[in-house]
Amino acid sequence: TSYTYNGSAKKPTVTVKDTNGATIAKSNYTVKYTNNTKAGTAKVTVTFKGAYADFKSLSKTLTITKAKASTIKLNSTSYVYTGSNITPVFKNSAGKKLTTADYSIVTRTKTKTVGTAKIKVKFKGNYTTATRTFTFKILPKATKISSLTALNNGFKVKWKAQKTQTTGYEIKYSKSSSFKNSTTKTVSTKY
């Protein structure tokens with residue numbers, strides 16, 4: 001029996017029959033799974049008890065093949081600026097987070113600044129050996145409105161300045177709470 005690695009333990013259903021083909025009740029044996037999560041060879045062992053205690057235990061192997069590196073995706077297409085190199089979170093087809101045992105970083109391009117970043121990764125371990133490049137956005141840190149004042153013909157808004165890796169702000173407003181027919185204004189800054 002063969003399975004493909006996805007980060008979850010493989011526990012196939014076990015049915016045991018006697019020499020006459022009759023199914024033995026599950027209360028007469030225990031099932032143990034060994035090495036049944038990572039890619040490689042897993043083992044299923046049946047140990048008898050009760051009326052079948054004198055029977056010899058049975059074992060069977062199953063293969064867990066490596067997952068294709070082509071199925072790996074980023075958990076997000078954008079991250080917020082931190083001032084340090086950003087390493088995105090990689091997830092497999094089952095939504096499980098990859099660990100550093102499953103990949104190594106080959107090169108980084110602009111992964112420390114606001115804008116478009118690229119990271120080249122070589123997959124290994126539980127995944128087929130392959131090198132892929134992922135592109136993602138690094139966004140400036142968010143800011144907060146410090147005051148909002150109504151005027152006769154509009155409003156006045158103040159916010160806390162973000163002076164690092166920020167070139168401006170977008171202000172979106174509308175007369176509707178659902179922001180239908182909203183207007184966006186851009187304010188450029190120089191620090």
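A polar contact is a pair of N or O atoms within 3.5 Å; within protein, one of the two must be able to donate a hydrogen and the other to accept it. In this predicted model, the side chain of N92 makes such a contact with the side chain of Y127, at 3.2 Å.

N92 lies in the loop that runs between β7 (90-91) and β8. Its relative accessibility is 8%, and because buried means under 20%, N92 counts as buried. Leaving aside residues up to four places away in sequence, N92 touches Y5, N6, G7, T71, L98 and Y127.

Strand β8 (residues 103-109) pairs with strand β9 (residues 115-123) in the antiparallel sense, over six bridges. The hairpin of β8 and β9 has five residues between the strands, and K110 there takes a positive phi near 55°. Strand β9 also pairs with strand β10 (residues 130-139), again in the antiparallel sense, over nine bridges. Six residues separate β9 and β10 in their hairpin, and G125 in the turn has a positive phi of about 65°.

One residue can be followed across these pairings. K118 in β9 stands opposite T109, and in β10 the bridge partner of K118 is T135.

The last stop is on the surface. Here I145, L148 and F155 form a nonpolar patch, with about 320 Å² of accessible area together. F155 belongs to strand β12 (residues 154-159). With a relative accessible area of 35%, F155 is partly exposed, because that class lies between the limits of 20% and 50%.

Technical notes. Residues numbered from 1 in each chain as written. Predicted model: local features only at pLDDT ≥ 70, side-chain atom pairs only at ≥ 80, totals over all residues. Heavy atoms only, no water. Patch = residues over 30% accessible without salt bridge, like charges linked within 9 Å, V, L, I, M, F, W, Y side chains within 5 Å. Areas by Shrake-Rupley, 256 points an atom, 1.4 Å probe, with all protein chains shown as cover. Salt bridge = Lys/Arg side-chain N within 4 Å of Asp/Glu carboxyl O. Helix = DSSP H or I, 4+ residues; strand = E, 2+ residues; numbered from the N terminus. Buried < 20%, exposed > 50% of the residue type's maximum accessible area, 1.4 Å probe, protein only. Pairing = 2+ DSSP bridges. Contact = heavy atoms within 4.5 Å.
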